[in-house]
Amino acid sequence: MNLIPRDPWLDVDRIFDNFLPLPLTLKRNGDDANFFRPRVDVVEKEDHYEIIAELPGVQKNDINVQLEEGVLTIEAQVAEEKTSEKDKVICKERRTGYFSRSFNIGTNVTADDISASFDNGLLKLTAPKAKPVAEEKRRIAIK
């Protein structure tokens, strides 16, 4: 099983994230209010992988986890709190919007094998490692 984040090493967004000021790097498709990028840890254990995503402010019902053709995708949505016209926002650092992150976990794992829990803003996914299958030695007859 190859558990590597799907983002390529030379991701253009990541290159510019390191050089541009924060307000400019948050713009995606011209809209900086609809994107946030929570932190994700991937841990390899003896018999399984753990993927732990920080999803502060996200409700359990707003999280979608799916597995398709060996790619595990985590998606979440955080709605922006509305303020009235009378309110004056002095500082706004919390991000809201859509989040999606994909990981290649291979085709030897099925969605039924993966377990998920969500507690205190942490989504924890456990994906068991596939057991190696020993190939049978078989003699091939020559005609």
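Visitor: Is Glu69 buried or exposed?
Guide: This is a predicted model, in which local features need pLDDT of at least 70, side-chain atom pairs count only at pLDDT 80 or more, and totals for chains, interfaces and linings use all residues. Residues are numbered from 1 along each chain as its sequence is written, and side-chain values use heavy atoms, with hydrogens and water left out. Buried means under 20% relative accessible area, exposed over 50%, and partly exposed in between, with a 1.4 Å probe and protein chains only. Glu69 has a relative accessible area of 72%, so this residue is exposed.

Visitor: Where is Glu69 placed?
Guide: Strands are DSSP runs of E of at least two residues, and helices are runs of H or I of at least four, both numbered from the N terminus. Phi of Glu69 is positive, near 50°, in a residue other than glycine. Its place is the loop between strand 4 (63-68) and strand 5 (71-78).

Visitor: What is the relative accessibility of Asn120?
Guide: Asn120 is not a glycine, yet has a positive phi of about 50°. The residue is found in the loop between strand 7 (115-119) and strand 8 (122-128). Asn120 counts as exposed, with a relative accessibility of 76%.

Visitor: In what order do the 4 strands of the open sheet stand?
Guide: Two strands pair if DSSP finds at least two bridges between them. In this sheet the pairing is antiparallel, and the order is 2-3-8-7.

Visitor: Which strands stand at the edges of the sheet?
Guide: Each edge strand has a single partner strand, so one side of each is left without a neighbour in the sheet. The edge strands are strand 2 (40-44) and strand 7.

Visitor: Which residue in strand 8 stands opposite Ile51?
Guide: Strand 3 (residues 48-54) pairs with strand 8 in the antiparallel sense over 7 bridges. Opposite Ile51 stands Leu125.

Visitor: The ring of which residue lies under the charged end of Lys129?
Guide: A charge sits over a ring if NZ of Lys or CZ of Arg is within 6 Å of the ring centre and within 35 degrees of the ring normal. The charged end of Lys129 is 5.3 Å from the centre of the ring concerned, that of Tyr49.

Visitor: How many helices and strands does the protein chain have?
Guide: From the N terminus on, the elements run β-α-α-β-β-β-β-β-β-β. The secondary structure comes to 2 helices and 8 strands.
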